Amino acid sequence: METGSPDDAGTTGTAGTAGTAGTARAAGRAAPAGPSAAPRDEPVWTGLPPGLLHLRRLLLVVWLGLLTVAAVVLPALFLDPLWAALALLPLALTGWGWVMLGRNWRSWRYAERADDLLISRGVLWREETVVPYGRMQLVEVTSGPVERHFGLASVQLHTAAAATDATIPGLDPAEAERLRDRLTELGEARSAGL
């Protein structure tokens with residue numbers, strides 16, 4: 001098991017031992033200056049609001065609930081009632097999907113840095129998209145009827161290269177508009193400097 005905090009660069013070790021920099025701080029001496037002493041430029045990540053998770057889970061329950069009802073009623077009407085046990089499959093899928101949607105929702109986050117926007121997502125395969133402000137051509141805020149009912153909006157970023165287009169789903173409409181205005185302003189400032 002490792003001990004230490006992420007702020008103690010190079011101080012993690014096994015249980016019962018501490019790194020040299022951590023020992024130097026504990027003894028009251030300053031840690032040696034070097035590359036690890038420089039402050040890190042860690043982005044400040046912002047997660048998605050819980051409304052997106054509620055929306056996705058509701059859609060999961062509605063669609064798989066209809067499938068469960070069909071799996072009970074149709075075999076009972078046209079086949080042996082024992083076939084109604086097929087309804088257990090959609091119920092199991094509902095439970096599995098409920099957990100997976102929560103994990104997926106927690107994996108989405110974004111961070112605004114000085115020169116670019118970071119978007120991170122994915123559970124098994126992590127994907128991090130970096131969108132430089134100077135490359136943004138268009139920033140759209142979209143909200144379909146179901147999203148509007150749940151008070152959500154999505155921000156779509158279009159860049160010169162289609163491979164770096166990105167979307168941030170399920171934001172509060174006020175946050176989506178703030179993000180759109182800020183990204184547009186930063187994009188214009190960066191492209192004017194080229």
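Leaving aside neighbours within four places in sequence, Asp-116 is in contact (heavy atoms within 4.5 Å) with Ala-111, Val-130, Val-131, Pro-132 and Tyr-133. The structure is a predicted model, in which local features need pLDDT of at least 70 and side-chain atom pairs count only at pLDDT 80 or more, whereas totals for chains, interfaces and linings use all residues. Residues are numbered from 1 along each chain as its sequence is written, and side-chain values use heavy atoms, with hydrogens and water left out.

Asp-116 belongs to strand E5. Its relative accessible area is 11%, and the residue therefore counts as buried, a class defined by a value under 20%, with exposed residues over 50% and partly exposed ones in between (1.4 Å probe, protein chains only). The side chain of Asp-116 also forms a polar contact of 2.8 Å with that of Arg-113. A polar contact is a pair of N or O atoms within 3.5 Å; within protein, one atom must be able to donate a hydrogen and the other to accept it, and residues adjacent in sequence count only if both atoms are side-chain atoms.

The secondary structure of the protein comprises five helices and nine strands, taken as DSSP runs numbered from the N terminus (helices: H or I, at least four residues; strands: E, at least two). Along the sequence these elements follow the pattern β-β-α-β-α-α-β-β-β-β-α-β-β-α. Of the 194 residues, 29% are buried. Among contacts between residues at least 6 apart in sequence, 43% join residues at least 24 apart.

Strand E5 is part of an open sheet of four strands, ordered E3-E4-E5-E6 with antiparallel pairing. Strands E3 (46-47) and E6 (127-132) stand at the edges with a single partner strand each, so one side of each has no neighbour in the sheet. Pairing of two strands requires that DSSP find at least two bridges between them. Strand E4 (residues 109-112) is joined to E5 (residues 116-121) by four bridges in the antiparallel sense, with Glu-112 opposite Leu-117 of E5. Six bridges, likewise antiparallel, connect E5 and E6; here Leu-117 has Val-131 of E6 as its bridge partner. The hairpin of E5 and E6 has five residues between the strands, and Gly-122 adopts a positive phi near 110 degrees in this hairpin.

A further set of pairings involves strand E8 (residues 153-159), in which five of the seven residues are buried, so that E8 is largely enclosed by the rest of the structure. Strand E7 (residues 136-142) runs antiparallel to E8 and is joined to it by six bridges, Val-141 being partnered by Val-155 in E8. Four bridges link E8 to strand E9 (residues 166-171), again antiparallel. Val-155 has Ile-168 of E9 as a bridge partner.

Val-69, Val-72, Val-73, Leu-74, Leu-77, Phe-78 and Leu-79 make a nonpolar surface patch of about 690 Å². Patches are made of residues with over 30% relative accessible area and no salt bridge, like charges being joined within 9 Å and nonpolar side chains (Val, Leu, Ile, Met, Phe, Trp, Tyr) within 5 Å; a salt bridge places a side-chain nitrogen of Lys or Arg within 4 Å of a carboxyl oxygen of Asp or Glu. One of the patch residues, Val-72, lies in helix H2 (residues 50-78) and is partly exposed, at 36% relative accessibility.

Note on methods:
Accessible areas come from the Shrake-Rupley method with a 1.4 Å probe; for residues, only the protein chains shown count as cover.
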